[in-house]
Amino acid sequence: MKKIIINGGNKLSGTIPISGAKNSAVAIIPAAILCDEQSSIYNVPNISDRDALIDILHLLNCETSLNGDLLKIDSSKLENKKIPLELSKKMRASYYFMGALLSKFKHVEMYFPGGCNIGKRPIDIHIKGFEALGAKVKIKGDLYTIDAKELNGTNITLDFASVGATINIMFAAVKAKGKTIIRNAAREAEIVNIATFLNNMGAKITGAGTSIIRIEGVEHLHRTMIEVIPDRIEAATYIILGAMIGDNLKIENIIPEHIDALLSKLKDMNVKYEVDETSVTISKCDNVKSTNIRTEVYPGFVTDMGQPMSVLLTQAHGVSLFEETIWENRMGHVKYLNKMGANIKNGNTNSVTIGPTPLYGCEVEATDLRGGAAMVLAGLIAEGTTTITSIEHILRGYDSIITKLKNVGADIKIEDDEKDLVNM
Ligand code: EPZ
């Protein structure tokens, strides 16, 4: 079993380069099967979710080549196959093959997806969208079988601005007959990136990034390329770290507009930083002010930044209230912050943090991806040694986290039970 071991307290200075966005790449990779030729995807992050998606592409008879952050996918010999339980369950994003295979073959068989245990995570909005386009969906336990004689464009208003449903319905609609309009669509930057990839292939999508997306179905999609946008959540994680322990720590290769809500919140908290076109430079703030945070759909203060932010709240002077509105179960990490010395009272979806409190290293668990990132931040600011278990959650979504942090001065390593050191 791998563990992350951190000796906390080192000031961090230098530059952390941000990788391609996980939540964009994990949809762009399945989208590549929508064309019958080769796609070139640049700036793909080196994360285990990427590898799990490539395993599914291989099952479907696609050829892939990976050279650094360039992933080429040749889907000219694509075959439709049932995606087995172990591949479907490996990550949340396996469900993007539902929309993509439905679009391509009008038939999909796969299981309910996996992903972080942060809530019930139903996929009813995706299914309602597929049905509106003309598909019939049979659900037997966790097995989903989706068939359509043909897919026809229609008007779909989402019950909630779900990221996954917006993307999956775009995939299913992109080759449907006629026009589809998705209302109450999610507006995430990743959705614009994915729609751009599809349009580069010949799709006709307008409005991505707003709450109304219009899709004119086309018959054929062709070879193309795309660059994955920078990961705004990875950037946010390291910026929050910089506010606690940075010494002119530069977070670069970012699009600052994607993290406006975070930067504005940091400003309210007294944290000073410099922003230029592609980077944020930040140093430790000694008088962080408490604040109140309520997570919102993008472009509000997004849920994925909440857990890293909860560590900064432990260092803020006064009482901070935090409310999570998207996921029912995103507070699992709080008990470990308290074990390290924080003073957080939490319910299922809200918490009260009284600070500042020093944190002390101890054994903690990565409860999920961003909860795990929060443990890394806590370990880096804590006195003494922190050991984090269940780190596979962290490696699903943070490219080269150990190397990036070591390069700016952190004392952090991955160890397995046999005491082999692993560089990631
Ligand atoms: C995406 O998840 C992200 N994952 C999540 O990031 C992120 O937290 C989330 O969007 C919200 O921004 C990926 O992109 C792979 P949703 P997704 O569908 O698409 C409810 C991270 O840390 N809902 O927007 O699964 C759902 O239960 C991860 O990087 C339904 O009720 O999220 C939730 O309450 C974690 N029925 C809300 O909508 C549905 O059919 C938002 O879910 C779909 C969703």
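In this protein, 22 residues of domain 1 are in contact with 20 residues of domain 2, where contact means heavy atoms within 4.5 Å. The model is predicted, so local features need pLDDT of at least 70 and side-chain atom pairs count only at pLDDT 80 or more, while totals for chains, interfaces and linings use all residues. Residues are numbered from 1 along each chain as its sequence is written, and side-chain values use heavy atoms, with hydrogens and water left out.

I will start with the two domains. Domain 1 covers 2–19 + 230–421, and domain 2 covers 22–227; these bounds come from an automatic or database domain assignment. Taken over C-alpha atoms, the centres of the two domains are 30 Å apart. How much area is buried between domain 1 and domain 2? The figure is about 2,000 Å², and carbon and sulfur atoms give 50% of that. Buried area here is the accessible area (1.4 Å probe) that two parts lose on being put together, summed over both. Tyr298, Trp327 and Arg396 supply 33% of the area that domain 1 buries against domain 2, more than any other three residues.

Next, the charged pairs. Side chains of opposite charge can pair when their charged atoms come close. The rule for a salt bridge is a side-chain nitrogen of Lys or Arg within 4 Å of a carboxyl oxygen of Asp or Glu. The structure holds 16 salt bridges, and the rule finds three across the interface of domain 1 and domain 2.

Asp51 is bridged to Arg50, with 2.8 Å between the closest N and O atoms. Arg50 is buried, at 8% relative accessible area, whereas Asp51 is partly exposed, at 32%. Glu79 and Lys81 also form a salt bridge, with the closest N and O atoms 3.7 Å apart. Both partners are partly exposed: Glu79 has a relative accessible area of 36%, and Lys81 has 33%.

Which parts of the chain does the pair of Lys128 and Asp159 tie together? The two residues form a salt bridge, and their closest N and O atoms are 2.8 Å apart. Lys128 lies in helix 5 (residues 124–132) and Asp159 in the loop between strand 9 (155–157) and helix 6 (163–173), so the pair ties together parts that are 31 residues apart in sequence. Helices (H or I, at least four residues) and strands (E, at least two) are DSSP runs, numbered from the N terminus. Lys128 is partly exposed, at 47% relative accessibility. Elsewhere, salt bridges that share partners join Arg294, Glu296 and Glu323 into one network.

His258 sits in the loop between strand 14 (246–252) and helix 9 (260–268). Is His258 buried or exposed? With a relative accessible area of 17%, His258 is buried. Not counting residues up to four places away in sequence, His258 touches Ala189, Ile229, Arg232 and Tyr298. Tyr298 is one of the three residues from the interface.

Asp147 is in strand 8 (residues 143–147) and is partly exposed, at 28% relative accessibility. Between Asp147 and Phe105 there are 42 residues in sequence and 8.8 Å in space, C-alpha to C-alpha. Leaving out residues up to four places away in sequence, the residues that Asp147 touches are Lys106, His107, Gly134, Ala135 and Lys136.

Thr353 is buried, at 2% relative accessible area, whereas Ile354 is partly exposed, at 36%. Apart from neighbours within four places in sequence, Thr353 is in contact with several residues, including Leu313, Gly318, Val319 and Asn343.

Last, helix 1 (residues 22–31). Nine of its ten residues are buried, so helix 1 is largely enclosed by the rest of the structure. Among the buried residues of helix 1 are Lys22, Val26, Ile28 and Pro30.

Terms used. Buried means under 20% relative accessible area, exposed over 50%, partly exposed in between (1.4 Å probe, protein chains only).
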